[in-house]
Amino acid sequence: MAYQALYRQWRPKDFSSMVAQEAVISTLRNQVMSGRVAHAYLFCGSRGTGKTSTAKILARAINCEHPVNGDPCGQCESCRRLLADESMDVMEIDAASNNGVEEIRNLRETVKYPPQQGKYKVYIIDEVHMLSTSAFNALLKTLEEPPPHVTFILATTEPHKIPATIISRCQRMDFHRLGVSDMVKRTEEVLQRENAHIERDGLMAIARAAEGGMRDCLSLADQCLSFCGNNVSTQDVYSVLGSMEDGFLFDMAEAVLSSDPARALELLDQVVRDGRDLKVFLHDLTQHMRSLLLTKLCGHCSDILDCTEDSMKRYEE
């Protein structure tokens, strides 16, 4: 069997497996249990925060024959067909490549037909902000008064590009960026099931580099495992990321802040000789300076910086 990337292999299959997003998940669970399913949802948030995964889980849950506390049971015929992508009742549309008015007109024609097996036909439109103005206008009437058996789930990373007329007809759910600790915990769970190990400081570096996206975090962990095998050190992680370890950043910051150009240039030369990405290094150094500034202003603030206690002590020093 062909290898499947970690983020695909361990994509959540029910609400209980979702990382963070408690407010969104609680709302959707209650709607499934009470039967008060909206005709249209708008999922907003940065990349890798769970919008598409949640949309798929919701599609399964509202079609499930025996939902358990709002979660799809995963055992009924509807759940099995949807998990195997064998059902015609749930359609995913990539608005980036299907953004014309003709595609939306075709969608409007299929909306009128009832679901083949489940209770609802679900249309998941990803990156919906990419639709053209004429396509949005074509979608508007259908979105306002769809047949009772249809649910639309629109997902976007740029909600400000969506017309207010579309937003007003949807229930908006905002997905926030994930915290470093949440991503580290989830990645550790995945690695344990894969019989692999990445050192804790390395996992922290991966989670910070993912910038709030769980998919990016698992992809980076996958890359580290491919590079180093199933036992990855913190130094291996920095090599894969193209970034420098925290101790090096402290040395560089000290050279800059003490106006020691010779030392700063020596350290910069080391970055180049080690083949590290200068853009990544500059980003890391900027983040390091920000951490120093926040520590100076706020004192002990490991919750804001998403860092270990050892790193927090160094920042305070």
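What does arginine 80 count as, and at what relative accessibility?

Modeller: Arginine 80 counts as partly exposed, at 45% relative accessibility. On that scale, buried means under 20% relative accessible area, exposed means over 50%, and partly exposed is in between, with a 1.4 Å probe and protein chains only. Before going on, a word on the ground rules: this is a predicted model, where local features need pLDDT of at least 70 and side-chain atom pairs count only at pLDDT 80 or more, while totals for chains, interfaces and linings use all residues. Residues are numbered from 1 along each chain as its sequence is written, and side-chain values use heavy atoms, with hydrogens and water left out.

Back to the arginine. Its side chain meets that of glutamate 77 in a salt bridge, 2.9 Å from N to O. For that label, a side-chain nitrogen of Lys or Arg has to be within 4 Å of a carboxyl oxygen of Asp or Glu. Both arginine 80 and glutamate 77 sit in helix α4 (residues 77-83), 3 residues apart, which is about one turn of the helix. Helices here are DSSP runs of H or I with at least four residues, strands are runs of E with at least two, and both are numbered from the N terminus. Glutamate 77 is partly exposed too, with a relative accessible area of 33%.

Helix α4 also holds serine 78, and that residue counts as buried because its relative accessibility is 6%.

Now zoom out. The chain has 16 helices and 7 strands, and its C-alpha atoms fill a box of roughly 70 × 45 × 35 Å along the principal axes. Of its 317 residues, 46% count as buried.

The salt bridge count comes to 15. About one helical turn separates arginine 263 from glutamate 266, because they are 3 residues apart in helix α13. Arginine 263 is partly exposed at 34% relative accessible area, and so is glutamate 266, at 48%.

Aspartate 216 and arginine 47 make another kind of link, with their closest N and O atoms 2.7 Å apart. This pair ties together distant parts of the chain: aspartate 216 is in helix α10 (residues 214-228), arginine 47 is in the loop between β1 (40-45) and α3 (51-63), and they are 169 residues apart. Arginine 47 is partly exposed, at 42% relative accessibility. There is also a salt-bridge network linking Lys141, Glu144 and Arg169.

Next, the surface patches. These are built from residues with over 30% relative accessible area and no salt bridge, joining like charges within 9 Å and nonpolar side chains (Val, Leu, Ile, Met, Phe, Trp, Tyr) within 5 Å. The areas come from the Shrake-Rupley method with a 1.4 Å probe, and for residues only the protein chains shown count as cover. Lys and Arg count as positive, Asp and Glu as negative, with His and the chain ends not counted. Each charge is placed at NZ of Lys, CZ of Arg, CG of Asp or CD of Glu.

Leu265, Leu268, Val272 and Leu278 make a nonpolar patch of about 350 Å². Helix α13 (residues 261-273) gives the most to that patch, with 3 residues. Leucine 268 lies in that helix and is partly exposed at 33% relative accessibility.

The negative patch is formed by Glu199, Asp201, Glu309, Asp310, Glu316 and Glu317. Here helix α16 (residues 309-316) contributes the most, with 3 residues. Glutamate 317 is placed in the segment after α16, and is exposed at 79% relative accessible area.

Last, the cysteines. A disulfide is a covalent bond between the sulfur atoms of two cysteines. The rule used asks for a pair of cysteine sulfur atoms within 2.5 Å, and the count comes to 0 disulfides. For cysteine 73, the closest cysteine sulfur is in cysteine 64, 3.4 Å away and so too far for a bond; cysteine 73 is partly exposed at 22%. For cysteine 44, the closest is in cysteine 170, at 8.9 Å, so that is too far as well. Cysteine 44 is buried, with a relative accessible area of 2%.
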